[in-house]
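User: I've got a model loaded and I'd like to talk through it with you. Can we go question by question?

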Amino acid sequence: NHSGVTEFVLLGFTDLQELLFVIFLLIYITTLGGNLGMIVLIKTNSQLHVPMYFFLSHLSFLDICYSSSITPKLLSGLLAEKNIISFNGCMTQLFFFAIFGTTEAILLAVMAYDRYVAIREPLHYVVAMSRGVCVQLVVGCYAVGSLNALVHTSALLRLSFCGPNLVNHFYCEIPPLVLLSCSDTWLNEMMMATCAVFIITTSVLAIVVSYACILLTIWSIRSAEGRHKAFSTCTSHLMTVALFYGSAAFLYFHPFSRHTEDQEKTASIFYTMVTPVLNPFVYSLRNKEVRNTLRR
């Protein structure tokens, strides 16, 4: 392209920067510690070498990765007079964040399917969700995430940026970058809306169908204790889905609407920081097997 802009200024947060630095640093450290701890627990305990925890270990890995693609730059920017990021650095940040964010969205749908198979066909669960099947599903998640990131990054690279270079966000995200372009952005807007609707809608639909089948199966269980035990394995996943998809849908379904900058930044904080830090605690505090492993 013919961009005159070689760097962007991330406006981020202009008030209470020292306080926000401490808060975000604590959140990031907790995110790293909680998710790394979850991965170590799963790897070291042979009782957790089952499909559910195989997917959970990859969920923790993705939380670490896409939080790390955003937070370090945010923290350094809060201490600097200007939070400057190069053009190539901005595109790189966006590319990796898109990979990990999209992969997690699809992985959550895969985890819902895993719960459906475990409750619907418990005797055939080990065969239906064999190691090979689990690996193929995870590889498919990463492949779709990489393709989605490549499409959007390539579409942004074809745009020209003539100035200004002030990004009203705390990281490089597609909607504020598109607004700064002096090229025709119709294709970018259509691609972003289409991909967001397709990925989020299909993933949510897979989750809804899986849980509808799960509820029908649980309803057929005669004992109340059996129903409670079956559904308790799903509550942690449902909480994660609600946090992740709620903030993502707000951010991407109406990216060019009249949302205020503060609303978009708040949704992004939930999407990039709150969900990754809560996931390991949601799964550990509500999961008996993980709690027993922690005690040992």
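User: Is D114 buried or exposed?
Analyst: Bear in mind that this is a predicted model. The relative accessible area of D114 is 1%. The cut-off for a buried residue is under 20%, so with its 1% D114 counts as buried.

User: Which side chain meets D114 in a salt bridge?
Analyst: Side chains of opposite charge can pair when their charged atoms come close. Here the N to O distance is 3.1 Å, and the cut-off is 4 Å. The count for the model comes to one salt bridge. The partner of D114 in it is R115.

User: And R115, buried or exposed?
Analyst: R115 has 8% relative accessibility. Buried means under 20%, so at 8% R115 is buried.

User: Which residues does Y125 touch, leaving out those up to four places away in sequence?
Analyst: Y125 sits in helix α5, residues 125-128, and counts as buried because its relative accessibility is 12%. Both salt-bridge residues, R115 and D114, are on its contact list.

User: How far apart are the C-alpha atoms of Y125 and P51?
Analyst: Along the chain, Y125 and P51 are 74 residues apart.

User: What kind of aromatic pair do F8 and F161 form?
Analyst: The model has a count of twelve aromatic pairs. In the one formed by F8 and F161, the ring centres are 5.5 Å apart and the planes stand at 90 degrees. Planes over 60 degrees apart get the label used here, and that label is edge-to-face.

User: How many residues apart are F8 and F161?
Analyst: F8 belongs to strand β1, while F161 is in the loop between α6 and β3 (166-167), so to speak linking distant parts of the chain. Both residues are buried. Their separation is 153 residues.

User: Which residues do ring pairs link into a cluster?
Analyst: One member, Y66, is also in contact with T275. The cluster linked by ring pairs is F13, F24, Y66, F97, F170 and Y171.

User: What is the relative accessibility of T275?
Analyst: T275 lies in helix α10, residues 261-285. Leaving aside neighbours within four places in sequence, its contacts are Y66, E104, L243, F244 and F270. T275 counts as buried, because its relative accessibility is 0%.

User: Which residues form the nonpolar patch with about 290 Å² of accessible area together?
Analyst: One of them is L16, placed in the loop between β1 (7-10) and α1 (17-44). L16 counts as exposed because its relative accessibility is 61%. The patch on the surface is formed by L16, L19 and I23.

User: How many helices and strands does the protein chain have?
Analyst: From the N terminus on, the elements run β-α-α-α-β-α-α-α-β-α-α-α-α-α. That comes to eleven helices and three strands.

User: What share of the 296 residues is buried?
Analyst: The accessible surface of the chain is about 14,600 Å², and 67% of that belongs to carbon and sulfur atoms. Buried residues make up 49%.

User: Which element has the lowest mean pLDDT?
Analyst: For the protein chain the mean pLDDT is 84, with 88% of residues at 70 or more. Helix α6 (residues 131-157) has the highest element mean, 94. Where pLDDT is low, the predicted coordinates should not be read in detail. The lowest mean, 70, belongs to helix α9 (residues 224-252).

Terms used:
Residues numbered from 1 in each chain as written. Predicted model: local features only at pLDDT ≥ 70, side-chain atom pairs only at ≥ 80, totals over all residues. Heavy atoms only, no water. Patch = residues over 30% accessible without salt bridge, like charges linked within 9 Å, V, L, I, M, F, W, Y side chains within 5 Å. Areas by Shrake-Rupley, 256 points an atom, 1.4 Å probe, with all protein chains shown as cover. Helix = DSSP H or I, 4+ residues; strand = E, 2+ residues; numbered from the N terminus. Buried < 20%, exposed > 50% of the residue type's maximum accessible area, 1.4 Å probe, protein only. pLDDT = per-residue confidence, 0-100. Phe/Tyr/Trp six-rings, centres within 6.5 Å; stacked < 30°, edge-to-face > 60°. Contact = heavy atoms within 4.5 Å.
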